[in-house]
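These are notes for a colleague who is opening this structure for the first time. Please keep the sequence and the 3D view at hand while reading.

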Amino acid sequence: MANKIIIVESPAKAKTIKEILKGEYDVLSSKGHVRDLPEKEFGVNIEKDFEPTFKIIYGKEKIVQELKKKAKNKQVLLGSDMDREGEAIAWHLADILGVANEKNRIIFNEITPQAIKNAVKEPRNIDMNKVHAQLARRILDRIVGYKISPLLWKMLKTSSSAGRVQSAALKIVCEREIQRHKFQPKKFWKVQGYIGSLKFYLTHIDGKKIDMQQVDEKLAKEIEKNVKVLKVIQVKTRKIQKKAPSPFITSTLQQEAANKLGFSVKKTMQIAQQLYEGIDTPKGHRAFITYMRTDSTRVSEIAKQKAIEFITNKFGKNYLGKKVRTEKAKQNVQDAHEAIRPVNIDLTPDQVEGDLGKDQYRLYKLIWERFMASQMADAIYEETTIQFQSDRYTFESKIERRIFDGFEIILKKDKEQEITIPSGEIRISKWQIEEDETKPPARYTEASMVRALETRGIGRPSTYATIISTLLERKYVIKSSNQLIPTVMGFVVNHYLEKKFPEIVDLQFTAKMEEALDKIEQGQKDYKELLRDFYNDFSKYLNEAQQKWLSIDMNTNLECDCKSRYKLKVGRYGLYLLCENCSKTTSLALETPAVFYENTMYFTHQEKESIETVCPVCGGKLEQMSGRYGNYIKCQNCGKTYTGFARGKCPKCSAVVEKKISKNKRIFFKCTSDNCDFISWLEPSNETCPECSQRLYYKKYRSKEVLYCQNCKKTFQLKTKK
């Protein structure tokens with residue numbers, strides 16, 4: 001039996017390392033954190049300079065006893081993850097096992113034979129700067145959560161909570177919804193046309209450059225009526241380079257997996273953790289990628305050399321990147337970590353497809369292709385700009401022709417359409433002139449939320465997934481068509497924090513706090529000093545909030561039966577709606593989508609919903625209702641309830657189509673007629689395809705809703721309502 005042991009957090013990671021070391025070490029798992037602040041007590045003695053009290057986590061007692069037993073009289077190495085949480089796990093284990101002052105900490109960026117064998121040869125002391133940074137974050141979060149959350153429970157009578165970073169993230173989502181609410185769309189007309197398959201658009205009038213939004217209906221119709229022939233007046237050609245992308249860091253992986261694979265941020269990190277720690281395959285237990293919590297694009301020299309060999313052998317030397325790619329340095333990048341990359345470049349996605357689960361394979365393919373592309377040459381295009389003239393109007397068209405694919409040989413693009421460059425006078429094939437309007441800023445998706453958090457310096461790579469998951473779990477936001485939409489509860493909590501704890505939701509304050517934690521990790525700041533400074537300011541807000549109740553008294557856009565508007569109030573049982581005219585009260589689903597602006601709560605759940613007036617089953621009157629699980633529609637006659645209805649009738653029998661939700665929380669559509677079997681994941685419209693006359697469906701395409709023909713696989717723009 002081995003007289004040396006390695007302790008890591010995960011059983012999968014332990015299994016991978018055990019196979020590598022072949023019995024030299026007994027490799028054990030702590031199954032995550034084993035000790036933390038107590039669950040049902042504050043656990044921080046503020047009077048004793050924020051001294052924490054730690055307890056074995058409930059359910060981990062047997063694991064701790066087993067680790068103590070196996071570690072007795074043996075050399076102990078601690079191989080938890082490289083980030084602050086991993087360092088803290090190692091510190092807690094060292095203290096529990098009585099090996100706190102020894103050189104027993106091993107770190108590795110990848111779980112490969114070379115990396116593990118090198119790590120066990122060079123153990124170091126636990127990095128107390130990292131531990132102090134984690135302790136500071138944990139204590140800050142405990143102070144905020146433990147002191148503010150009871151005030152929210154008292155007011156809302158729900159399991160709501162406040163969090164230091166979560167609250168700042170909620171403010172970002174709420175601010176975007178307010179921007180959308182305030183937005184005033186401006187009508188304009190798009191003037192575009194075709195010469196064959198070549199698309200052109202209006203750029204100048206009387207030699208002056210115009211903005212498309214300046215074009216009104218009269219001008220658009222005049223151009224369509226009078227301009228039949230265009231004359232080529234200028235052709236310019238230039239070479240442009242499309243730079244190879246950087247390898248993934250945590251945030252870019254989360255964004256790309258959301259955009260290309262449809263993964264939630266949480267799902268991406270779960271699968272990446274599996275690929276890093278190791279997976280059982282027919283060829284043995286194997287790890288596939290490097291550590292997945294990183295904000296550095298650095299790549300080791302060994303990995304670069306392997307990439308050079310692979311690219312040269314498969315594609316040729318001209319596909320190699322010419323030089324080391326340099327990027328604008330970000331503040332506080334943890335450059336000890338590498339970028340996310342495959343641990344073995346020779347394991348191509350095709351080779352491992354049979355060894356991995358479907359989603360594991362898709363994420364590995366994304367990582368492998370991105371890393372290889374990052375080490376390759378730029379793609380080179382020839383861009384041709386053509387200017388056309390007709391009387392006082394100038395039009396322009398651009399054509400791109402790829403002359404060297406470079407990294408795009410791996411990150412494949414759609415096949416280009418060959419277009420002949422016109423000359424002389426050409427007759428217009430058709431006009432595409434249509435009314436449009438300016439769009440409000442888009443709601444956040446999980447991908448764009450990660451980008452927003454990263455840009456503002458809120459949270460760190462290891463926390464993005466937790467921040468978004470917490471907002472969703474608490475019902476402060478809901479997810480609809482991948483959009484994050486704030487709810488009544490979200491806006492009420494945000495309103496309370498803005499009034500009572502403005503620093504907690506202040507984005508600059510939160511970002512500066514993250515910078516301070518980074519300085520602690522770098523040994524530039526004392527963690528107790530940070531806690532003292534924070535609590536001195538926080539306690540003033542806390543004392544006032546505990547003494548003065550914040551009354552909720554908001555106007556709403558909901559109409560009572562007496563035609564007066566309800567008000568949103570807070571009482572002994574939480575939030576409710578009250579009509580001050582007739583004194584009618586009603587309950588409210590706190591997860592209802594809403595926007596709070598100028599002391600009015602606007603309910604937005606009916607946006608884009610088609611509301612039938614009579615029940616499809618019995619013809620009774622339908623009524624909008626609000627329940628504990630959200631909004632629904634109920635028939636006053638037969639009592640049948642509906643989630644909602646499609647905007648279009650049934651393509652088979654023209655009956656009403658019901659909107660339903662599957663067991664996996666996915667929306668689908670089903671005909672309400674007992675004699676019809678129509679069912680679809682896509683929502684039917686009442687429009688028909690101009691090419692094949694089949695019914696069109698609503699579909700999301702590049703974050704925009706379009707009409708889609710399932711027969712000829714084409715998309716069409718929605719008609720603008722006049």
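Two strands are taken to pair if DSSP finds at least two bridges between them. The model discussed here is predicted.

1. The sheet that begins with β29. With that criterion, G644 is found opposite K659, a residue of β30. β29 and strand β30, which covers residues 657-661, are antiparallel and share two bridges. They belong to an open sheet of four strands, ordered β29-β30-β31-β32, in which the pairing is antiparallel. The edges are formed by β29 (644-645) and β32 (679-680), and each of these pairs on one side only.

2. β30 and β31 run antiparallel and are joined by five bridges. β30 and β31 form a hairpin with five residues between the strands, where K665 has a positive phi near 65°. Strand β31 (residues 667-671) is in turn joined to β32 by two bridges, again in an antiparallel arrangement. There, F669 has S680 of β32 as its bridge partner.

3. The six-stranded sheet. Another open sheet has six strands in the order β23-β22-β21-β20-β25-β24, and its pairing is mixed. Which strands stand at the edges? They are β23 (585-586) and β24 (594-597); each has a single partner strand, so one side of each lacks a neighbour in the sheet. Strand β22, residues 574-578, runs antiparallel to β23 and is joined to β23 by two bridges. L578 has T585 in β23 as its bridge partner.

4. α15 packs on the six-stranded sheet, where α15 touches β20 (553-559), β21 (565-571), β22, β24 and β25 (600-603). The direction of α15 makes about 30° with that of β24.

5. α15 and α5. The helix of the previous point also meets another helix: the axes of α5 (residues 128-156) and α15 (residues 488-500) come within 12 Å and cross at roughly 125°. The two helices are therefore oblique to each other, and the crossing of α5 past α15 is right-handed. On the α5 side the contact involves I148, L151, L152, M155 and L156, which meet M489, V492, V493, Y496 and L497 of α15. What classes of residue make up this contact? There are 10 nonpolar residues, with no polar and no charged ones.

6. α10 and α12. Helix α10 (residues 301-314) packs against helix α12 (residues 358-374) with the axes 10 Å apart and at an angle of about 85°. This makes the two roughly perpendicular. A303, A307, F310 and I311 of α10 meet W368, F371 and M372 of α12. By class, this contact has seven nonpolar residues, no polar ones and no charged ones.

7. α8 and α12. α12 also has a contact with helix α8 (residues 250-261): their axes come within 11 Å and cross at roughly 120°. That angle makes α8 oblique to α12, and α8 passes α12 in a right-handed crossing. From α8, the contact takes in T252, L253, E256, A257, K260 and L261; from α12, it takes in R362, L363, L366, I367 and R370. The contact of α8 with α12 has six nonpolar, one polar and four charged residues.

8. Aromatic pairs. Over the whole structure, a search finds 20 aromatic pairs. In one of them, the ring centres of F200 and W431 are 5.5 Å apart and the ring planes stand at 75°, so this pair is edge-to-face. F200 belongs to strand β9 (residues 198-205) and W431 to strand β17 (residues 430-437), so the pair ties together parts that are 231 residues apart in sequence.

9. Positive phi in loops. D206 is not a glycine, yet has a positive phi of about 55°. D206 sits in the loop between β9 and β10 (208-209). K713, also a residue other than glycine, has a positive phi near 60°. The loop that holds K713 lies between β35 (704-709) and β36 (715-716).

Key: Residues are numbered from 1 along each chain as its sequence is written. This is a predicted model: local features need pLDDT of at least 70, side-chain atom pairs count only at pLDDT 80 or more; totals for chains, interfaces and linings use all residues. Side-chain values use heavy atoms; hydrogens and water are left out. Axes are lines fitted to C-alpha atoms, for helices over the stretch in contact, and angles run from 0 to 180 degrees between N-to-C directions. Angles under 35 degrees count as roughly parallel, over 145 as roughly antiparallel, 65 to 115 as roughly perpendicular and the rest as oblique. A crossing is left-handed if the near helix is turned anticlockwise from the far one by less than a right angle, and right-handed if clockwise. Contact means heavy atoms within 4.5 Å. Ala, Val, Leu, Ile, Met, Phe, Trp, Tyr, Cys and Pro count as nonpolar, Asp, Glu, Lys and Arg as charged, and the others, Gly among them, as polar. Rings of Phe, Tyr and Trp (its six-membered ring) pair if their centres lie within 6.5 Å; planes under 30 degrees apart count as stacked, over 60 as edge-to-face and the rest as tilted.
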